[in-house]
Amino acid sequence: MLIGELAASLRVTPKTLRLYEERGLIASPARARNGYRAYSADAILRARLIVGLRGIGLSLDAIEGLLIEFDAPGGSLRRALAGVLDERISVVSLQVAVLQGQLDDLEARYRALIDTPRHRPPGCVCGALNQVCACAAATVQSA
Ligand SMILES: [Zn+2]
């Protein structure tokens, strides 16, 4: 299969496939008599695998690590990918927890702002800033 055909079938650009080749993720394909890359069935499967792994958000570095494990004697891609996904789940779970904390904080500040007593001056945002309000005293002093 030629690079344009393979790229189209995987919905990537030929440039992407050449990048994978340069990174050593795909073996350099044999060249047809006209110099065009001719991908073997194995190379097609490997390219499909890499595109699929990119599709679940793995970096080329992560994919390279997976393929090294897979290509090693007794290597299991399933086992290696399970390890990578487990690690990603931990990282993303932590990010979700941090974002949830930020959301809770913003909601609390918003509630404090809209619950500001009406007698306070319009410039008072002390509730949202988690500060003890001194606005009324300042208003009294300036009056
Ligand atoms: Zn205030």
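Because the model is predicted, local features are given at pLDDT of at least 70 and side-chain atom pairs count only at pLDDT 80 or more, while totals for chains, interfaces and linings use all residues. Residues are numbered from 1 along each chain as its sequence is written.

The domain assignment, an automatic or database one, gives domain 1 (1-75) and domain 2 (92-143). The C-alpha centres of domain 1 and domain 2 lie 54 Å apart.

The largest nonpolar core has twelve residues, among them Leu6, Tyr20, Ile50, Leu53 and Leu66. Such a core is a set of buried Ala, Val, Leu, Ile, Met, Phe, Trp, Tyr and Cys residues joined through C-beta atoms within 7 Å, and a residue is buried if 20 or more other C-beta atoms lie within 10 Å of its own, exposed if 12 or fewer, and partly exposed in between, with C-beta atoms placed from the backbone. Helix H2 (14-22), helix H3 (41-55) and H4 each supply at least two residues of this core, and H3 gives the most, with four residues. Helices are DSSP runs (H or I, at least four residues), numbered from the N terminus. Leucine 53 is in contact (C-beta atoms, placed from the backbone, within 7 Å) with Leu58, Ile63 and Leu66, when its neighbours within four places in sequence are left aside.

Helix H4 (residues 60-71) packs against helix H5 (residues 77-114) at an angle of about 150 degrees, and their axes are 8 Å apart; the axes are lines fitted to C-alpha atoms over the stretch in contact, and angles run from 0 to 180 degrees between N-to-C directions. Ala62, Leu66, Glu69 and Phe70 of H4 meet Leu77, Ala80, Leu81 and Val84 of H5 in this contact.

Arginine 18 and arginine 118 are 100 residues apart in sequence and 66 Å apart in space, C-alpha to C-alpha.

Methods. Two residues are in contact if their C-beta atoms, placed from the backbone, lie within 7 Å.
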